[in-house]
Amino acid sequence: MVVALLRCSWLLERFCFLCRTGTACCLKCCPAPSNVLVWVAAALRYSGSEKDESSRWKIFFFFAPWKHVVMWELIDEVEVEMPTSLGCPPPCAPLFLMLMTFLLQVKHATNQIVMNCADIDIITASYAPEGDEEVHATGFNYQNEDEKVTLSFPSTLQKGTGTLKIDFVGELNDKMKGFYRSKYTTPTGDTRYAAVTQFEATDARRAFPCWDEPAIKATFDISLVVPKDRVALSNMNVIDRKPYPDDENLVEVKFARTPIMSTYLVAFVVGEYDFVETRSLDGVLVRVYTPVGKAEQGKFALEVAAKTLPFYKDYFNVPYPLPKIDLIAIADFAAGAMENWGLVTYRETALLIDPKNSCSSSRQWVALVVGHELAHQWFGNLVTMEWWTHLWLNEGFASWIEYLCVDHCFPEYDIWTQFVSADYTRAQELDALDNSHPIEVSVGHPSEVDEIFDAISYSKGASVIRMLHDYIGDEDFRKGMNLYLTKFLQKNAATEDLWESLEKASGKPIAAVMNTWTKQMGFPLIYVEAEQVKDDKVLKLVQKKFCASGPYAGEDFPMWMVPISICTSDDPTSAKMQVLMDKPELTLVLKDVKPDQWVKLNLGTVGFYRTQYSPDMLESLIPAIKDLSLPPVDRLGLQNDLFSLARAGIISTVEVLKVMEAFVNEPNYTVWSDLSCNLEILSTLLSHTDFYEEIQVFVKDVFSPIGERLGWDPKPGEGHLDALLRGLVLGKLGKAGHKATLEEARRRFKDHVEGKNILSADLRSPVYVTILKHGDSTTLDTMLKLHKQADMQEEKNRIERVLGAISQPELIQKVLTFALSEEVRPQDTVSVIGGVAGGSKQGRKAAWKFVRDNWEELYNRYQGGFLISRLIKVCVALRMALEISFYWF
Ligand code: BES
Ligand code: ZN
C-alpha cells in the first residue's frame with residue numbers, strides 16, 4: 001500500500017506527531033488519505049460549571065483524512081505493509097487530533113484555567129470573553145500525576161462568559177480506556193479496528209480536556225465525521241447525516257443534544273456492525289449492535305432489553321428519558337459492560353447469544369448484565385453519585401435490581417436463590433477478612449477509584465440493599481426510590497440522600513441502621529441458643545464480628561443494627577417474629593413453640609450475618625434439610641454458614657461433613673452449586689495434606705447419586721436449572737476422576753472433535769474440564785486447536801477458562817504463555833491465568849510466579865486499571881496474600 005510521508009511544519013518544533021521524537025514527522029503508519037481515519041477535533045462548548053445551572057458542552061469530532069489537515073506537507077510516498085484500517089500497529093501509535101471550543105463562565109477573575117487532562121498534548125489554547133478579543137494561553141503546565149493541566153494566560157480573564165478554544169493531540173490507545181481502538185476480524189478474515197470509548201471512572205480526560213468529575217454535569221452536542229461505510233453511534237439519536245463537503249468518502253453525523261449528564265457517561269463508537277431492533281412497550285427504540293453477520297445473536301438481548309425498560313419505568317415510576325437505547329458488543333473491552341447513557345457497551349460474551357452454541361449460563365449472564373446496565377440508566381445516569389465515595393450505591397443498587405429484573409423476565413431461573421450463592425456468600429467470604437474495607441470509602445486520586453470496583457462495592461452493596469428492601473417492604477421501598485429519583489433528577493446525590501428518601505417513605509430509622517453496614521467493614525456472627533420454657537422457646541442472641549481467621553479477639557466491639565427474622569417448623573416460609581437487634585445481646589420469647597419444633601434465624605438468607613446455632617438447635621434442623629421442608633435458600637445459607645464456621649476454626653470440619661449427609665436428596669441446582677464451591681475450597685486446602693485423595697473420594701460419593709439421577713442427556717420437560725445442574729455435577733464428578741463420567745466424557749469429546757456428534761453447549765465445559773484434568777499434551781493441543789477454530793467469543797472463553805485444569809508442569813507453562821499470546825483477547829488473559837491458579841496445586845504456584853515474572857507487561861497492558869486487581873484476586877491463594885498488602889477481594 002502506498003502511504004504518504006508528510007512533514008508538519010508548524011508542529012515540528014514541539015514534537016513529531018507520531019513518534020514524538022522531536023524530529024520531522026513521519027506518517028508511515030497512515031495509508032492513503034481517503035481511508036485513513038485521523039481523529040480531528042472539534043468544538044466543545046461548556047457553560048457554567050455549577051451543577052445547579054444549566055450548562056452546555058458541544059463536541060464535534062472529525063474523522064478526517066490527512067489532506068484536511070492543511071499544515072501537513074507531502075515529502076515522499078512509500079510502499080508499506082498496512083494490515084489495519086484504523087491506525088497502525090506499534091511503535092507508531094494512531095493519534096487523534098482535536099480542536100475544541102468551550103463556552104464557559106469565569107466565576108472569579110483569574111489568569112489560569114485548570115482542567116483534567118491525561119495523555120493529551122495541547123497545541124494551542126485561547127480564551128475570548130463574550131464580545132471581546134481572544135487571548136492566547138502562553139503556558140500549558142501539565143500535572144501528570146494529578147491528570148490535570150493548567151492553562152496560563154498573559155492577562156486576567158474577567159468574570160463573565162467567554163469562549164475557550166483548545167486544539168490538541170491524543171492517542172487512540174490500545175489500553176481499553178479513554179478513546180481506544182478495538183481489534184476485530186471481518187467475516188472474510190481481515191483484521192480491522194473500531195474506535196470506542198470507555199470513560200468510567202476517570203478516562204474522559206484521555207479523549208478531551210474537561211472537568212471530569214461526576215458532579216460537573218453538562219449537555220453534549222456531538223458530531224462525528226466518519227467514512228460513509230462505517231456505523232457511527234453516540235449517546236443520542238442521529239438528527240442529521242450529510243456528505244462531508246470536502247470528501248465524498250466521508251459523512252458528517254450529528255446527534256441530538258444529550259440531557260445534562262456526567263462526562264464518564266459520554267460515549268461514541270465508530271466501526272462496522274449489524275443490528276437488530278425493536279420498540280419497547282414504552283416506545284423506546286432499542287437496537288442491539290453485533291459484529292457483521294451476527295445480527296441473529298443480538299435477538300436474545302434485544303428481547304430482554306425491550307422487557308426491561310418498561311419494567312424499570314414502572315418500578316421507579318420515572319420514564320426512560322432518551323428516545324433510543326443502543327446495546328453494542330465491543331471486541332476488546334475491559335469491563336463486563338458499561339452503562340453509557342443511551343449507548344451501552346458490552347463485552348461480546350455479555351451480549352451475544354447463539355441459539356445453538358450458547359449455554360444456559362451465558363443466557364442468564366446476558367440477562368443479568370442487560371438488567372444491570374439498564375438499571376443504571378436511571379440509577380447512576382439520571383441521578384448520579386456526588387463523588388466516587390458513593391460508587392458502591394451505584395453498583396450495589398444495580399447489582400441488586402438486576403436480579404429483580406431477571407426474576408421478572410425469567411421466573412424459571414429462580415434467580416434470587418442464585419443471588420445468595422453468587423453475591424451474598426461471596427461478599428461474606430471477603431468481608432470476613434481482616435483486610436476488607438467499609439462499603440463507603442473515601443477516594444482521592446483516580447487510581448484509588450479503580451480499586452473500589454470490587455466485590456465489596458458490588459456484592460456486599462447488593463446484599464445490604466437486599467436486606468434493606470426486605471426490612472422496608474417492597475411498597476415503601478418503591479415509594480422511597482421514586483422520591484429519591486424525582487428529587488435528584490439530572491442532579492447528584494450521596495448515600496445519605498437515599499436513606500433520607502427511604503426514611504420518609506417508610507418511617508423507619510434507615511440511616512441509623514444502614515450506617516452500621518456501610519461505614520464499618522465486616523458483619524456479625526449471631527450466636528443463638530434456645531431454652532424450652534413450658535410451651536414457649538426463649539432465645540438468647542449474641543452478636544460479635546465474624547472473622548475468617550477465628551473467633552473475634554479485637555479490643556473494640558463493633559456492633560450492627562441487624563434486622564432479624566425467625567421462623568419455625570410450623571411455617572418455614574414466613575416469619576414468626578421480626579425484630580431489629582440494636583444491641584450486643586438480645587433475649588426473645590417465641591410463644592407456642594413446642595419442644596419438637598425447630599427454630600431458624602435469617603429466613604430467606606436475607607440478613608447479612610452468619611448464624612451459629614447451639615448444638616441441639618442445629619441437630620433439630622438436620623431433618624428439615626433431609627426432607628426438604630426447609631426452603632432451598634435456607635438450606636443453602638445454613639450449609640454455607642457451617643462451612644465458614646469450620647474454616648474459621650469455630651466448629652469442627654468433621655461435624656460439617658456429617659451434615660453433608662443430610663443433602664442426599666438435594667434436588668436444587670443452586671444449593672448444589674454452593675455446596676460444590678465449599679467442597680472445592682476444602683479440597684484446595686487439603687491438596688497440601690495427605691487427605692487429598694480421601695476428599696476426592698468423598699466428593700465422588702456426594703455427587704454420584706445425583707449424577708446418576710441426571711444422566712448425560714436432557715429429559716423431556718427439563719428446564720434451565722436442570723441444564724445448569726447437569727453441567728455442574730458432571731464437571732464435578734469428572735474432575736474428581738469418577739470412572740464412568742471420565743470414560744463417557746472422553747467418548748463424547750472424541751465424537752465432538754471428529755465432528756460426529758457435536759456436544760451441546762451445556763455439556764462442553766464439564767467435558768472439557770474433565771478431559772483436561774486427566775489429559776496430556778495431546779489433549780491440550782486439541783483444545784488449543786478448538787480454540788483457534790472457534791468463531792464465537794463465548795466458546796473461546798469457555799476453553800480459556802478450563803485450560804488451567806491440566807496439571808503437568810510443562811503444560812501449565814504452555815497455558816500461561818498462551819494467556820499472554822495474541823490468541824487471547826487482552827481482557828481475557830486474567831481468566832486464563834485465574835484458571836491455572838484455581839486448576840491445581842502446581843498451577844497455583846506457577847500462576848503467581850508467572851504474574852510476578854511478567855508484572856511489567858501485565859501492568860502495562862491494564863495500566864493499573866481494575867483488571868490488575870482482578871488478576872491479583874484470581875491468582876493469589878490465601879497464604880500468598882501475605883506477600884501483598886492490598887488484598888481486598
Ligand atoms: N459501571 C460498570 C462498568 C465499569 C466497571 C466501569 C469497572 C469502570 C470500571 C458497569 O455498570 C458494571 O458494573 N459492569 C459489570 C458487569 C455487571 C453485570 C456486574 C462489570 O463490568 O463487571
Ligand atoms: Zn454497574
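Biologist: Why is His376 called buried?

Modeller: The model is a predicted one, in which local features need pLDDT of at least 70, side-chain atom pairs count only at pLDDT 80 or more, and totals for chains, interfaces and linings use all residues. Residues are numbered from 1 along each chain as its sequence is written, chains are lettered from A and ligands numbered from 1 in the order in which they are written, and side-chain values use heavy atoms, with hydrogens and water left out. Buried means under 20% relative accessible area, exposed means over 50%, and partly exposed lies in between (1.4 Å probe, protein chains only). His376 has a relative accessible area of 0%, and therefore it is buried.

Biologist: What makes Glu395 count as buried?

Modeller: Its relative accessibility is 2%, so Glu395 counts as buried by that cut-off. Of the 889 residues of the protein chain, 61% count as buried.

Biologist: Where do His376 and Glu395 lie?

Modeller: His376 belongs to helix α2 (residues 360–376), and Glu395 to helix α3 (residues 391–409). Helices are DSSP runs of H or I with at least four residues, strands are runs of E with at least two, and both are numbered from the N terminus. The protein chain has 24 helices and 32 strands.

Biologist: Which residues does His376 touch?

Modeller: Contact means heavy atoms within 4.5 Å. Not counting residues up to four places away in sequence, His376 touches Glu339, Asn381, Asn394, Glu395 and Ala398. With that same exclusion, the residues touched by Glu395 include Glu200, Glu339, His372 and His376.

Biologist: Which residues does UniProt place in the feature "binding site"?

Modeller: The unreviewed UniProt entry lists His372, His376 and Glu395. They are spread over 24 residues of sequence but cluster in space, with a largest C-alpha distance of 8.6 Å. Such annotations may be inferred rather than shown by experiment.

Biologist: Why is α16 called oblique to α18?

Modeller: Helix α16 (residues 739–753) and helix α18 (residues 777–789) pack at an angle of about 45°, with their axes 12 Å apart. Angles under 35 degrees count as roughly parallel, over 145 as roughly antiparallel, 65 to 115 as roughly perpendicular, and the rest as oblique. Therefore α16 is oblique to α18.

Biologist: Which residues make the contact?

Modeller: Phe749, His752 and Val753 of α16 meet Thr782, Met783 and Leu786 of α18. The residues of this contact divide into 4 nonpolar, 2 polar and no charged.

Technical notes:
Axes are lines fitted to C-alpha atoms, for helices over the stretch in contact, and angles run from 0 to 180 degrees between N-to-C directions. Ala, Val, Leu, Ile, Met, Phe, Trp, Tyr, Cys and Pro count as nonpolar, Asp, Glu, Lys and Arg as charged, and the others, Gly among them, as polar.
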